[in-house]
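Let's walk through this model together, strand by strand and then core by core. Keep the viewer open as you read.

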Amino acid sequence: MKRKQKKNQATPWQEIKALVRQPEEGFYRQPILHINCFGQIEIENCKQILRYNEQEICLDMGLWQVSIFGDSLELCNANKGQLLLTGRVFRTEFSYGKAE
Amino acid sequence: MANFWNRLFATIHFTAQGGRYERFLTLCTQQGIPIINVQPIPGGVCATVPARYYKQCSVHARRCRTRLNVTKRQGLWFQLKGYHGRWGLLLGPIVFLVSIGMMQQMLWSIRYDSSLTQPQQQTIQQLLYSMDIYEGAILTQEKLVQTEKMLLSQTAEFSWISLNFAKGRLVVEAVPAANKPEIEGNEAVDLVAKESGTILEINVQEGFAVKTRGQTVAQGELLISAGKEDYSKTNIESHAKGTVTAQVKKTYLCTQPLQYTALIPTGEIEERLSVKIGTKQYFLQKEIALPQSLKKITHKQLSVLGFCLPATLEEEVVVPRVQTTISLQPKQAEQFAKMACMQQFYSEFPDAQILSMQEESTTEQGDLTYKITLEFIADIAN
């Protein structure tokens, strides 16, 4: 039993290495959708905006397409890799795009 | 604060309509153009972008066949659009402020303590000008200390003078000297007659009277003695003091030429202005080279609408004079001669009381000889 424990136990060097390890490649480029229940939606790494009008915004998130329906939808900030959407959201739809 | 920054930096509010405006937004975000406040409008969106990114936006809009329309320009850059290319208007105030900061060591104005009277202020001002301290001069602490010492040594009118220089203003504080009582000498000196005459009254305050009332004395004769021997032949010394009033008869003679040459002002006045700044003097007019002319220099503080400038305006007034031959009538010449004689008389006997006078004048070879014999009562003790 004691020998098995020694085999599984990481060396101090490995522990230090694990502490400073980098995330997987492309981790920060993954599309992410944060929904704040106070009416603020943060979208990261959106591929493109497919539709945008007063009632709907449709975003291409890579594998998925996200459609957000609501009222007074406003893009407060549109920066590289990040969109900040505010307004009254009524409904959200997810659909598969190219992958399906 | 955010509103302030928004107003400071140039931003453009625009509408993007028609074509694939969603694609336009995607391209803008992918290129890192910071678009804010994107709001949907019929057939497009309206948004705000920093002015420096607008050109890039228009390139993307063309690719997406979207029409951009600027609705509002905001920011200091657009507010100052009328001044683009007129950098002098901006540089002027900056240069002005920098130059004012650099000129803090220059003297901008001289102020006097309120306790000083106008004549005292003028006396100090003249002394300061003579020591090269004027509006526009560059002052140092050493120079001020040196000037204080020189002022005190050159004038006995003040017992204490202080020059306080701060932020271009020189404040002069001074305490006028108290009048010193005249201390009489205590040395043993005899009083003698400065003119021949008959003594009317003797008032001896100190010393020993040698003459009495009614006696006639000659010029230089002893009137009041400062020393006297006592019974043991010891000389008793004292400071002779007193008045000896006598009736005197004296003749004054004056010769006045009927024709003489003198420098007479022509009636014209020439002015030459110059501005003194720092150690330099800038003449606004050419030099006036007029020999035998009277010159008077006045200094004025240079100011614009009551705002003092660190410069002194020096005004040189030149009164040209010419050599002119003056001819006098015998009566005029007599008046001149009489005035000269009377001036001489009153300088010798200021408290004299004239009893009678005899005048006589003769003209010989263009000269008038005036003779006046005065009989008067005066103090002759000297």
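B:Cys254 sits across from B:Tyr370 in E23(B). The two strands around this spot, E15 (residues 241–257) and E23 (residues 367–379) of chain B, pair in the antiparallel sense over 13 bridges; strands count as paired if DSSP finds at least two bridges between them. Helices (H or I, at least four residues) and strands (E, at least two) are DSSP runs, numbered from the N terminus. Please keep in mind that this is a predicted model, in which local features need pLDDT of at least 70 and side-chain atom pairs count only at pLDDT 80 or more, while totals for chains, interfaces and linings use all residues. Residues are numbered from 1 along each chain as its sequence is written, and chains are lettered from A and ligands numbered from 1 in the order in which they are written.

E23(B) also pairs with strand E22 (residues 353–364) of chain B, again antiparallel, over eleven bridges. Here B:Gln353 has B:Ile377 as its bridge partner. Two residues lie between the strands of this hairpin, and B:Gln365 takes a positive phi near 50 degrees.

Stepping back, chain B has eight helices and 23 strands. Of its 382 residues, 18% are buried, meaning that 20 or more other C-beta atoms, placed from the backbone, lie within 10 Å of a residue's own. Among contacts in chain B with a separation of 6 or more, 69% join residues 24 or more positions apart; a contact puts two C-beta atoms, placed from the backbone, within 7 Å.

Now for the meeting of the chains. Chain A and chain B each bring 15 residues to the contact. On the side of chain A that touches chain B, strand E5 (64–79) of chain A gives the largest share, seven residues. Three bridges join E5(A) to strand E2 (residues 35–41) of chain B, and the two run antiparallel. Within that pairing, A:Leu75 stands opposite B:Val38.

Which residues touch the most other members of the largest nonpolar core? They are A:Leu85, B:Ala16, B:Leu25, B:Cys28 and B:Ile35, out of 30 residues. Such a core is a set of buried Ala, Val, Leu, Ile, Met, Phe, Trp, Tyr and Cys residues joined through C-beta atoms within 7 Å. Helix H2 (residues 21–30) of chain B supplies the largest share of this core, five residues. Another core lies apart from it, with 15 residues, including B:Val244 and B:Ala378.

Key:
Buried ≥ 20, exposed ≤ 12 C-beta atoms within 10 Å, placed from the backbone.
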